Structure formats: C-alpha cells, structure tokens
Amino acid sequence: MVPDPSDIYYSYEQLPGSSSGTEKDSYIVHGQTHMAGYLCGARRGEPVFSIYYSGIKYAWSADIHSSASLTVSPDRVQHFTSDSVSLSCEGNSTEWTVMRFSADGRNSSDCTTWGTMTGSTCNMNTDSTSDAVYWCESGSGEFTNAVNITVQDGDMILLSPARPVTEGHSVSLSCRFRSQTSDSTVFFYHNEKVIQSDSRWELNISAVSKSDEGFYKCRHSGRESAQSWMSVQAVSRPDSSSFPVLLVVGLICGIVLFIPLLVLFCYRASKDSCFVRPVKSESANTDHVDHENDLYILLHGDVCLYDTIRRHQEAEKAQ
C-alpha cells in the first residue's frame with residue numbers, strides 16, 4: 001500500500017517480482033523513500049479459488065542524516081499492554097508533535113488523541129491501538145526517524161532496540177515474561193534459525209555487522225515471542241572511487257616536498273667539500289705554508305673555482 005496523492009486513501013501495488021507469486025516467505029525492500037504499508041497474501045487452490053491476506057504493517061523512511069531524532073523509553077520494539085512508554089523528540093526546534101500511523105487505520109494522528117504531550121515528550125500507556133509507526137514533526141516541517149512499536153497481549157516479548165544499531169557496536173537482545181521466569185533453556189532465532197540455546201535470557205552480539213540484520217524472536221517452554229526486525233546501520237566510509245585521486249595527490253605532494261630537501265642537501269654537501277682547508281706538512285718550507293694558509297676557495301653554484309690560485313702557485317715554483 002502506498003499513499004495516493006490525489007486522495008486521502010491508499011492504493012494497492014504489487015511489489016516488483018511478486019506479481020506471479022513466490023515461494024519465499026520474506027521480501028526485502030531496498031532504498032525506501034516514503035511511508036508505505038505492507039501486507040502479504042496467500043493463494044489457495046489450483047486454479048486459485050481464495051486468497052488470504054495478512055494484516056498491514058507500516059514503515060516510514062526519513063532522512064538518516066537529519067539532526068532531529070525520536071527516542072523511545074524503554075528502548076525496545078515490543079511492549080506489553082498497559083506499559084508506560086515515552087517518546088521524546090530531539091532537535092533544533094522547540095515545537096514538536098509526536099505522530100503515529102496505526103496498523104489498523106488509514107489516517108495519522110498526534111499525541112493529544114492517544115497520550116499526553118509535555119514539552120517535546122509524549123507519554124502513553126500502550127493498548128491494542130498502540131501497534132503503530134511513530135515519528136516527530138516540528139512546526140517548521142522537520143521530520144525525525146520513525147520507530148515501530150508493537151503491543152503484545154501474550155506473556156512473552158523480545159526486547160530488541162527500536163532504532164538501528166550502528167555497525168561495529170554491541171547489542172543485547174533478551175526474552176522477557178510478563179510475570180515469571182525460569183532457568184530452563186531459552187532459544188533465540190535469527191531469520192528462523194536457532195543461534196543460541198541455553199539458560200541465558202540474553203543474546204549478546206559484541207560487534208554488530210550487516211549480516212546480523214534481520215528478524216529475531218525467542219522461545220521458552222513452548223511459548224514464543226513475536227519476531228522483530230533489527231536494522232543495522234553501516235558506518236560511513238570514504239568513497240572507494242576517490243582513493244586513486246588521493247594516492248596521486250599524496251605522491252605529488254611528497255615529490256614537491258622531497259625535491260627542495262634534496263637540493264638543499266646537495267648544496268650543503270658541496271659547500272662543505274669546497275671549504276676544507278689543506279693539512280699543513282711539517283716538512284714543508286715556511287713560504288709554502290704561507291701560500292697554503294693564504295689559499296682561499298670560491299664557491300660558484302656547485303663548482304669550486306681555484307684556477308687563479310693554482311696558476312699563482314705554479315708560477316712561483318717555476319721561479
């Protein structure tokens with residue numbers, strides 16, 4: 001179901017690849033950009049003589065880079081009936097309204113119709129109508145992320161985070177009874193596969209990865225919780241296409257810095273070699289020593305010029 005801009009109602013559209021049906025029991029929607037309700041149907045008979053439809057579940061897509069956010073306390077998707085839940089809006093605005101779209105309705109409503117709005121926080125006691133999608137709207141038209149809240153009439157729920165978990169962070173999921181607990185075996189499932197079965201009532205993941213995203217539920221003593229989707233938010237990484245550019249820029253900068261240092265080193269080395277004074281010989285006569293002491297060297301670029309002094313010495317020896 002998607003919103004029809006020309007009407008206040010919703011229209012039905014089949015998802016791509018599902019027009020002729022599929023044997024798979026799950027479907028992943030990539031890149032959702034608007035609010036929509038989803039349901040599934042099962043056909044019976046050959047030829048088909050009846051179709052059974054599930055209930056509608058709504059999902060909301062908001063700007064993940066928005067500075068505004070909605071937090072839920074306690075931070076979990078599933079709640080028992082009559083639980084006290086607080087939804088708080090955070091952001092630059094001072095005027096917030098908490099909105100929801102119920103799974104059994106077609107219109108949105110604000111906190112004043114089903115809870116108490118105090119400042120930027122909405123407080124409510126959950127009931128069957130609290131099974132909905134919640135988000136915040138500001139007076140200036142800013143939207144927050146949305147969270148799903150489901151209300152369970154049974155005596156077991158799965159405690160999982162209401163908001164996406166960042167990749168690499170740790171997360172704990174736990175199983176909870178309404179009134180009692182025991183030490184017998186608890187089963188945790190990820191996408192219908194058992195991933196932990198022991199007496200622990202918590203499932204701990206030390207470093208979440210994208211592969212951990214999916215549906216989770218727990219089972220204990222023949223009773224089973226509803227399943228909840230845990231979303232994993234990838235860590236922002238530099239665009240791989242920019243790596244060659246950065247490499248080239250780095251090499252150019254290195255060369256530009258290296259060449260002046262090399263020239264300076266060569267200059268100092270040649271200068272030091274030109275200003276070495278000759279060692280005096282004790283056997284040399286006084287006149288020769290005086291001439292050696294008077295010897296000086298001129299530096300021009302990296303060439304030592306002493307031809308004039310050499311000619312002067314050769315002329316004296318010829319005499």
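Two strands pair if DSSP finds at least two bridges between them. The model is a predicted one.

**Exercise 1. Strand pairing**

Determine which residue stands opposite Ser84 in E13, and how many bridges join E9 to strand E13.

Solution. 
1. Strand E9 covers residues 84-90, and strand E13 covers residues 121-125.
2. Ser84 stands opposite Asn125 in E13.
3. Five bridges join E9 to E13, and the two strands run antiparallel.
4. E9 is also joined by five bridges to strand E7 (residues 69-73), again in antiparallel fashion. In this pairing, Val72 has Leu87 in E9 as its bridge partner.

**Exercise 2. Disulfides**

State how many disulfides the structure holds, and assign the handedness of the link of Cys89 and Cys136.

Solution. 
1. The structure holds three disulfides.
2. Cys89 is joined to Cys136 with an S to S distance of 2.1 Å. The torsion about this S-S bond is about -80 degrees, so the disulfide is left-handed. Cys89 belongs to strand E9 and Cys136 to strand E14, 47 residues apart; both cysteines are buried.
3. The sulfur atoms of Cys111 and Cys122 are 2.0 Å apart. With 85 degrees about the S-S bond, their link is right-handed. Cys111 is in the loop between E11 and E12, while Cys122 is in strand E13, eleven residues away. The relative accessibility is 1% for Cys111, which therefore counts as buried, and 0% for Cys122, which is likewise buried.
4. Cys175 and Cys218 form a disulfide with an S to S distance of 2.0 Å. This link is right-handed, with 75 degrees about the S-S bond. Cys175 lies in strand E18 (residues 171-177) and Cys218 in strand E22, so parts 43 residues apart in sequence are tied together. Both Cys175 and Cys218 are buried.

**Exercise 3. Aromatic rings and charges**

Classify the pair of Trp114 and Tyr134 by its ring geometry, and decide whether Phe215 counts as buried, partly exposed or exposed.

Solution. 
1. A pair of aromatic rings is described by the distance of the centres and the angle of the planes.
2. The structure holds three aromatic pairs. In the pair of Trp114 and Tyr134, the centres are 5.5 Å apart and the planes stand at 80 degrees; planes over 60 degrees apart count as edge-to-face, so this pair is edge-to-face. Trp114 is in the loop between strands E11 and E12 and Tyr134 in strand E14, 20 residues apart. Both residues are buried.
3. Phe215 and Trp229 also form an edge-to-face pair, with 4.9 Å between centres and 75 degrees between planes. Phe215 is in strand E22 and Trp229 in strand E24, so the pair connects parts 14 residues apart in sequence.
4. At 31% relative accessibility, Phe215 is partly exposed; Trp229, at 37%, is partly exposed as well.
5. Two charges lie over rings elsewhere: Lys217 over the face of Tyr189, 5.3 Å from the ring centre, and the charged end of Arg219 over the ring of Phe187, 4.5 Å from its centre.

Definitions and conventions:
Residues are numbered from 1 along each chain as its sequence is written. This is a predicted model: local features need pLDDT of at least 70, side-chain atom pairs count only at pLDDT 80 or more; totals for chains, interfaces and linings use all residues. Side-chain values use heavy atoms; hydrogens and water are left out. Rings of Phe, Tyr and Trp (its six-membered ring) pair if their centres lie within 6.5 Å; planes under 30 degrees apart count as stacked, over 60 as edge-to-face and the rest as tilted. Helices (H or I, at least four residues) and strands (E, at least two) are DSSP runs, numbered from the N terminus. Buried means under 20% relative accessible area, exposed over 50%, partly exposed in between (1.4 Å probe, protein chains only). A charge sits over a ring if NZ of Lys or CZ of Arg is within 6 Å of the ring centre and within 35 degrees of the ring normal. A disulfide is a pair of cysteine sulfur atoms within 2.5 Å.
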